[in-house]
Amino acid sequence: MYRGIGGSAGYGVGKAVVISDVKPEYVVRTITDTDAEIKRYEDAVAVFTEKTRRMADAMKERVGEHNAEILEGHILLLNDPGMEEIIKGTISGGTCAESALESACDMFSSMFMMADDELTKQRATDVADIKLRMLKILTGVPDTNVADVPAGTILVARDLTPSMTAGIIKENVEGIITEVGGKTSHSAILARALEIPAVLSIDGIVDKVTDGMNIAVDGNNGICIIDPTVEEIAEYVGKKREWLVQKETLKVFMGKETVTADGKAVSLYGNIGKPEDAEQVKSCDGEGIGLFRTEFLFMGASQLPSEDQQFEAYRKAAEIMEGKEVIIRTLDVGGDKDIPYLGLAKEDNPFLGFRAVRYCLANEASYRVQLRALLRASAYGHIKIMVPLVTCVDEIRAVKAMVEVIKKEFDAAGIPYDKDIQVGVMIETPAAALIADLLAKEADFFSIGTNDLTQYTMAVDRGNAKVAYLYSAYNPAVLRSMKYIIESANKAGIMVGMCGEAAADPLLIPLLISFGLNEFSVSATSVLATRAVINKWTKEEADLLAEKALSLATEKEVMELLKSSVR
Ligand code: PEP
Ligand code: MG
C-alpha cells in the first residue's frame, strides 16, 4: 500500500497505463540560416497553439470554462513576449530551435520552482508541459494520446500535465496516480472537475508500476494498492459502489434550503479563487460566495492588476452570483503566498511577518486600487469586503476609513456603488479571537478562517509535516476560540461565518451549529455533503454534544467523541 495525497475523491480499480514523459532525443546543432530556424520555431508554435486551442475547446465542453483556461494559459505562456524574445534571440545566435526552447523553458521552470507558494510552483509544471510538447512537435515525435486508453484504466504518470488531462475520456479512466502535485495542483483541480479519483505525490510510483498491472485507488484517503489481492479488489469495488450511491443520495439536497433537523436555517456558501469558480459554486447549489481569495488574481499576473482588471474580476463574480452575497477578501499576501513582483523581502518568520492587512495598510496606494475596484463592482451585485489577518481594532478602523474616503470620492464623481456595502473581519488569529467582542463593535460581519486560526492558536506551521500532529481544529484551545468568536458575534448581532476547512468537517458541524454559526463556506464540491450533515442535527442534540466535547481535555478525546457521534 502506498500513501500519497488524496487529490480527488472516490474509489477506482483498474489496470495501469503508465504515461511516459520522456523527453524526445535531438542533436544540438549549430545553425547558419537562423531566419529559417526561427521560421521552423514559429511554425511549431503555430501547431502547438492550434492543437492546444482545440484541446481547450473540447475541455470547455466537457468540464467547463475554468479548466480550459489552464490550457489557454499555456498558449499565453509560450507566446509571452519575454519568452519569445529569449528563444528567438538564442536561435539568432546560431542555436537550434530545440535547444533554444529547452534552455528558455528550463530557466523559467527553475525560476517558478524557487517560489514558496504552490501556485507559482505549479507554473513550473506548466512550462515543463509546454517544453515536452513543443519538443515533440519540433522533432516529429508523436504526442501521448491519453484519449486512446481502454475502459478501466488507472493512469500512472510522474505528473499528469494539463495537456494530458485534457484528452481524458472520463468514462475510461478509473483513477489517476502521480509522483508529484498537491491538492491545489492543476492535475488535482482537473481530476476533481472530471470526478476521477486521484492520489498524488507518491514518490517513485512510475518505476514500481508496469502497464497492465492491477491497481486500486482510494482518492478519499490518498492510498493506492499495486497488485491488490482478490479480497482487496472486492473491497475497493464495494467502496466505489457505496461512494457512488452516497454521491447520488446527496443529490436530493440539490435545491433544498440549508436547515438543521429542527428547521433552523443557516447559509451555505462556496469558496473561490477566481471569478469563474463561482459557476461551479452555483452548479453545486452554493447559496453565495463566503470567500473569494483575491490573491490568486495577483499571483496569476506579472504586475499588480489594474483597478479596471480587478473591477472586471469582482464584477464577474458578483454577476455570476446574481445578487447573492459575494464576500471578497482583500489581498492576503505573505506567509505561504508569495507574489514575486511585489518584491517582499525574505523574512525569518513569514507567517508572523509583513503580510495581508499589514502589507496592504503599509501600501495604501495599491490597497486603494483594490478597494476602489471592489466598491465599483459593488454596483453590480451583493459584494461584501473582508479583511484578512486582523489582530487589532486599529486595522479594521483604518480599512473602514479608507473605504469611507473612496465613497466620498465616488459620490462627488457620481460613480455608482453599494452604499450599504459591509466591511467584515476574518478572524484567524488568537489576538482577533480574544478581542472578538471589541471587533464585533467595529466590523459588519465575521468569518472564521480556521486554517490560520488553528495554525496561530496552536503555534504550528500549517505546512510543516513534523508538527502536523498538533494541527487540528479539535484541540480544546481551537474549539474554545471558535465558540467565543461565534458567541461574541451573536451577542453583537452581526453575521458570523466560517470559511476555513473546518466548516466542511462533518465531525465539527454539530459543534458549529451549537455555537450559533450563521454561515458555512466550503469548497463547491462539499456544498451538498455539508448541507446533508447540517440537516441531521437538531440544536438540542448539537448542544449536548458540544457540552461533552468542551468538557474534554485533549484533542484525541474530542476527536474520538466526535467520531463516535458522526451521523
Ligand atoms: C483560513 O485561514 O482559514 C482561510 C480560509 O484562509 P487561507 O486558507 O486562504 O489562509
Ligand atoms: Mg487564512
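This chat goes through some salt bridges in a predicted model.

Q: What should I know before reading the numbers?
A: The model is predicted, so local features need pLDDT of at least 70, side-chain atom pairs count only at pLDDT 80 or more, and totals for chains, interfaces and linings use all residues. Residues are numbered from 1 along each chain as its sequence is written, chains are lettered from A and ligands numbered from 1 in the order in which they are written, and side-chain values use heavy atoms, with hydrogens and water left out.

Q: How many salt bridges are in the whole structure?
A: The search finds 40, where a salt bridge is a side-chain nitrogen of Lys or Arg within 4 Å of a carboxyl oxygen of Asp or Glu.

Q: Which residue does Arg 29 meet in a salt bridge?
A: Glu 98, at 3.4 Å, N to O. Arg 29 sits in the loop between strand 3 (11–19) and helix 1 (34–63), and Glu 98 in helix 4 (residues 97–113), 69 residues apart. Helices (H or I, at least four residues) and strands (E, at least two) are DSSP runs, numbered from the N terminus.

Q: Is Glu 98 buried or exposed?
A: Buried, at 4% relative accessibility. Buried means under 20% relative accessible area, exposed over 50%, partly exposed in between (1.4 Å probe, protein chains only). Arg 29 is partly exposed at 36%.

Q: New topic: what does Arg 531 pair with?
A: Asp 285, at 2.7 Å, and Glu 287, at 3.0 Å. Arg 531 lies in helix 21 and Glu 287 in the loop between helix 10 and strand 10, so this pair ties together parts 244 residues apart in sequence.
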